[in-house]
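The following exercises are to be worked through with the sequence and the structure at hand. Each task is followed by a solution in steps.

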Amino acid sequence: MKIQAFDRNEHIYKNDVFAELVKDAVRFFNGTPVHNLPPPESFLGTGVYALYYIGSNPLYQRYAELNRLAYNYPIYIGKAVPKGWRQSRSSDSVLTQSRELFSRLREHSRSISAVDALSVENFMCRFVIFEAEGSDMISTIEAALIKLNRPLWNTSVDGFGNHDPGKGRYEQAKSDWDVIHQGRAWANKCNGVHKQESVIISSIEQHLQNLI
């Protein structure tokens, strides 16, 4: 079999329909209802979500100001994928459907409640549920929303969405989020060298200056 000469253009995939599909999903996301964190009722499904801050913590006062009339500036965007997705990339289905999205939002509410300087009452959320083959789009839509909104806790302050690394893995450093928001019991066990609080706060201030 003859080997063809390399041509990069032959490897580039382009599809305007796909780009419009992502834009449509983002538009739908931005129009969904906003709820307290966590939502008042448990529900089935996986998908993408955003958290909005409306409190009086001086660090995040800018978010509260921007979200005063409409929830357009998320402080965090995340996803909840179907069980087994990371291992087998299985799509959501009637047989595998669970409460992954609701559970993730409830987990975030517990993280916020565990620290002194934040109150879960000062956070709102919105989300989109992706079902069946649509669940394969979850990571793509999450990435599109993060790129569009540049949420603080996704881009300049890491660690809010972290889980307990488990026994034997506490040699890692405490995340930026856990340095400035002390309270998660498992995070206090991390004994690696972490960033100084002043460096993290400086990064937050710079991020907020460029928010609009």
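**Exercise 1. The order of the elements**

Task: State which pattern of helices and strands the protein follows along its sequence, and how many helices and strands its secondary structure comes to.

Solution: In this predicted model, reading along the sequence gives the pattern α-β-β-α-β-α-α-β-α-α-α-α. The secondary structure comes to eight helices and four strands.

**Exercise 2. The overall fold**

Task: Determine what box the C-alpha atoms fill, what share of the residues is buried, and what share of the contacts with a separation of 6 or more joins residues 24 or more positions apart.

Solution: Begin with the extent. Along the principal axes, the C-alpha atoms fill a box of roughly 65 × 40 × 40 Å. Next, consider burial: of the 212 residues in the protein, 42% are buried. Finally, turn to the contacts. Among those with a separation of 6 or more, 70% are between residues 24 or more positions apart.

**Exercise 3. The largest cavity**

Task: Describe the largest cavity by its volume, its lining residues and the classes into which they divide.

Solution: The structure holds one cavity of 30 Å³ or more. The volume of the largest cavity is about 40 Å³. Its lining consists of N162, Q172, A173, K174, S175, D178, W186, A187 and C190. Sorted by class, these lining residues are four nonpolar, three polar and two charged. The buried C190 is thus one of the lining residues.

**Exercise 4. The surroundings of S175**

Task: Locate S175, explain why it counts as buried, and identify its contacts.

Solution: S175 lies in the loop between helix 6 (152-155) and helix 7 (176-180). Its relative accessible area is 6%, so S175 is buried. The side chain of S175 is joined to that of D178 by a polar contact of 2.7 Å. Once the neighbours within four places in sequence are set aside, S175 is in contact with D158, G159, N162 and R184. Of the residues named in this exercise, S175, D178 and N162 are also found in the lining of the largest cavity.

Technical notes:
Residues numbered from 1 in each chain as written. Predicted model: local features only at pLDDT ≥ 70, side-chain atom pairs only at ≥ 80, totals over all residues. Heavy atoms only, no water. Buried < 20%, exposed > 50% of the residue type's maximum accessible area, 1.4 Å probe, protein only. 1 Å grid on protein atoms, 1.4 Å probe; cavity = no way out; pocket = protein on both sides within 12 Å on 5 of 7 lines; lining within 4 Å. Points joined across faces, edges and corners; volume = space filled by probe spheres on them. Nonpolar A, V, L, I, M, F, W, Y, C, P; charged D, E, K, R; others polar. Helix = DSSP H or I, 4+ residues; strand = E, 2+ residues; numbered from the N terminus. Polar contact = N/O pair within 3.5 Å; in protein donor to acceptor, adjacent residues only side chain to side chain. Contact = heavy atoms within 4.5 Å.
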